[in-house]
Amino acid sequence: MSRRTLLLSLVTVACYTDVEGHATALFPKDSDSRGASSWATSTGVDASAASGMPATTHDPLPATPGSGDPWSMTTGEPENQPPEIFHFEIEPDMLNEAGTAHAIVSFSENVTQLELRVNGVDVPVGAPAKFEWFFTATSKAKSDGIYQLELTAKDDEDQTDIATATLKVELPETGDPRCVFEEEADDGWFAGVVYGDALVLAGTLGWPTEAAVWRLDPDSCKPQFGSPWKISQWTDKTLPGPSQAVGLAIDADGRTAIAANVGTFPDRLSYIAVLSPEGSLEWEQLGQAKGRVYNGITASPEGFFVVGETQVSQDPKDPHYDGFVEGFDSDGTILGAKPLAAPLPGDDWYDEFNMFDIHPRAIAWSDELARLVVVGERDVFDNNDTKRTRAFSAQYDLDLDLVNTWTSSGLDAVEDALVAVTGCGKELVASGWVQAPGLKNPAVRWLDAAGDGSTKRRVDLLPGTSFQALACDLEGKFTAAASTPTGAAVLGFRFSDDPFLFNSEFVATSLLAAACDHRGFCAVAGQRETSAWLRVHHP
C-alpha cells in the first residue's frame, strides 16, 4: 500500500490534519511503504497501524483463540465471520469391492453444529468435535449406487456453510472370484481355515504326509513369509508316523491352534499344537491312546476345545466308535475330557455291546449361549429293530458338563447327519446331508437354544451332494462348501427357503473348510486334483 493510499483510508476515522501528522511520523518521506508488515513488529509500533487503525500505546485487543477473525474498524471487536468448511471429501470416493469409505472434513473453530444429508436423508453425525461418517459396502445387491452427501456447518448466529461430496459404489456380483491360492510345492490339502487379518490355513503336505500351517495375504491370497510352516519345523517330539491336520482355531490373543492326527490307521494318536501370533511353538500335546483321534477344534474364553472319536472295538472288519470332548487352557494344561457315547439323554434303549457309533464332526463356541456346541452323526435304534444314522447336537459348559442334546427324529429323511457348525449373528447353524432313500442331498439346520435342529431347516434337491463346511458373512448370507458327484461346489444362500445366490462347480476338487472375514469376503478350502487349494469370493 502506498503512503497516499494509506492516508486516504484513514480519512474515515480522523480529521485529515491529525491523520497526516500521524502518517508523517510513521512514514518519513524517504521510506518505502512496502515495508509496513515488517517494521510494525521490529520497531514495537502497534501493528494495527498497518491495517488502517491509528497507532496506540496500549496492548492490542486479544483475538478469539484460533478464530483468525479480522478486527472491526468501528467497534474494536472481532468481526463475526460465518462458519467455513475448509475441506470435505470421501476417501476413497469409489468402492469397487466390499470395504469402507470415510468422510474427511475440516472446518473453522466457530462451527457449533454439523448437519449431514445423504441422498436427501438426514444422518446423525454428533457434535462437530466428534464428527464421524463412514459407509460399509457389503454386497452388490445391498450397496451399489451413488451416494450424494451434503454437509452443513452452522455457528451460534445460525450462519451456515455448505459442502458436498459424492461416493460411488459398484461391486462385483456375489460369488465372483476374488483370488485363488494353490500350493504347488507338494501334494496336499487344506482342512481348516480362519479368515481374519490374514488367511490362516491348516492342512497336510507331501508323502509321508505332514501337518502344516499357512498364512496368506487376506486381499491377494499370496503366501506370507514362512508359509507353509510344517510340524517338523516347530516340534521337537519324535512323532510315530505321518501327520494330518484336521482343524484350526485362533483365540482372542491371536494364537493359532492346530488339531491333527499322527500315525497310521488304526493306531493313530491325537495331536494339538498352539503357535504364538509370530509363529513360534507355545505348547503341544501328543495323545497316548491309540485309535483316539481329533475331528474338530474351537477357541473359547477358557482355552481350546476339541472333539474326536475313539475306536472301541478291535475287529478291523467291524470297527465301532465313541465320541469325546476335551479342553486345554492357555498353558496347555488339560481342563478335562468327557466321553460322548450312547445312550444319550432321551434315548429309550441301551448300548450294552457298544454297537452304536457316535461321530462328533465339529465343535463351536457360542458367545450367545456361553456354551460349547458339538454336532455330528450317531447310530440310533429305530422302531426297535433297525439301526439308523441320525444327525445330533450336544451342548457343554466350560466344565464339560453336558447341558443339552438333540437327535434327529428322521422327519426329513430315513438317515441324516451334520458335518459342520458355525455362528451367524446370534444363531447357530449346522450343515450336512439327508438321505431318503438313494443319494444324499444337502441340508442345513438352524439350532435353537437347546440345540434342536428340527424346526428351521433347509433341504435342497441336489442328489449326490452334501454340505461339508458352512460360513456366514457380514450380511448373514451363507457360503456352503459341498461335495458333488463330479467334485465340489460353492453355493450361496440367505434364508432357509430362497434360491441360491450362486452355485459354482469345480471338477476334480474336494472342499473341507469355509470361513468369512469381517468385510464379507468368504473363503473355501480343500484340494484340487492333488494340490492344497483355496478360493476367495466376493460377498
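Predicted model: local features only at pLDDT ≥ 70, side-chain atom pairs only at ≥ 80, totals over all residues.
Hi everyone, thanks for coming.

Let's start with strand β15, residues 256-262. Seven of its seven residues are buried, so the strand is largely enclosed by the rest of the structure. As a reminder, in a regular strand the side chains alternate between the two faces of the sheet. Here T256, I258, A260 and V262 point one way, while A257, A259 and N261 point the other way, and all of them are buried.

Now, which strands does β15 pair with? On one side there is β14, residues 243-250, joined to β15 antiparallel through seven bridges. I250 stands opposite T256 in that pairing. The two strands make a hairpin with five residues between them, and G254 in the turn has a positive phi of about 85°. There is also β16, residues 269-275, again antiparallel to β15 and again with seven bridges. There, N261 has S270 as its bridge partner. β15 and β16 form a hairpin too, this one with six residues between the strands, and G263 in its turn has a positive phi of about 105°.

Five strands form an open sheet with mixed pairing, in the order β2-β8-β7-β4-β5. The edges are β2 (94-95) and β5 (121-123); each has a single partner strand, so one side of each is left without a neighbour in the sheet. For β2, the partner is β8, residues 160-169, and the two run parallel over two bridges. M94 stands opposite K168 there.

That brings me to the packing. How many residues are in the largest nonpolar core? There are 24, and F88, W133 and L167 have the most contacts inside it. Strands β1 (85-91), β3 (99-107), β4 (113-118), β6 (134-137), β7 (145-154) and β8 each supply at least two residues of this core. If you click on W133, you will find it touching I90, A101, H102, A103, L116, V118, V123, L149 and L167, leaving aside residues up to four places away in sequence. There is also a second, separate core of 21 residues, which includes Y195, W214, A515 and A523.

The model has 12 aromatic pairs. One of them is F190 with W214, an edge-to-face pair at 4.8 Å centre to centre, with 85° between the planes. This pair links distant parts of the chain, with F190 in β10 (residues 188-195) and W214 in β12 (residues 210-216), 24 residues apart. F190 counts as buried at 0% relative accessibility, and W214 counts as buried at 0% as well. Then there is W349 with F356: the centres are 4.7 Å apart and the planes are at 40°, so this pair is tilted. W349 and F356 are both buried. F356 has another neighbour to show you, K387, which lies over the face of its ring at 5.8 Å from the ring centre.

Last topic: the disulfides. There are three of them. C179 and C221 form one, with the sulfur atoms 2.0 Å apart. Why is this link called right-handed? The torsion about its S-S bond is about 55°, so the disulfide is right-handed. It links distant parts of the chain: C179 is in β9 (residues 177-182), and C221 is in the loop between β12 and β13 (229-230), 42 residues apart.

C424 and C472 are joined by another, S to S 2.0 Å, and this link is right-handed with 45° about the S-S bond. Here C424 sits in β26 (residues 415-424) and C472 in β30 (residues 466-472), 48 residues apart.

A disulfide also joins C516 to C522, S to S 2.0 Å, right-handed with 100° about the S-S bond. Both C516 and C522 are buried. Counting the bonded cysteines in sequence order, the pairing reads 1-2, 3-4, 5-6.

Notes. Residues numbered from 1 in each chain as written. Heavy atoms only, no water. Buried < 20%, exposed > 50% of the residue type's maximum accessible area, 1.4 Å probe, protein only. Helix = DSSP H or I, 4+ residues; strand = E, 2+ residues; numbered from the N terminus. Pairing = 2+ DSSP bridges. Phe/Tyr/Trp six-rings, centres within 6.5 Å; stacked < 30°, edge-to-face > 60°. Lys NZ or Arg CZ within 6 Å of the ring centre and 35° of its normal. Core = buried A, V, L, I, M, F, W, Y, C linked by side-chain atoms within 4.5 Å. Contact = heavy atoms within 4.5 Å. Disulfide = S-S within 2.5 Å.
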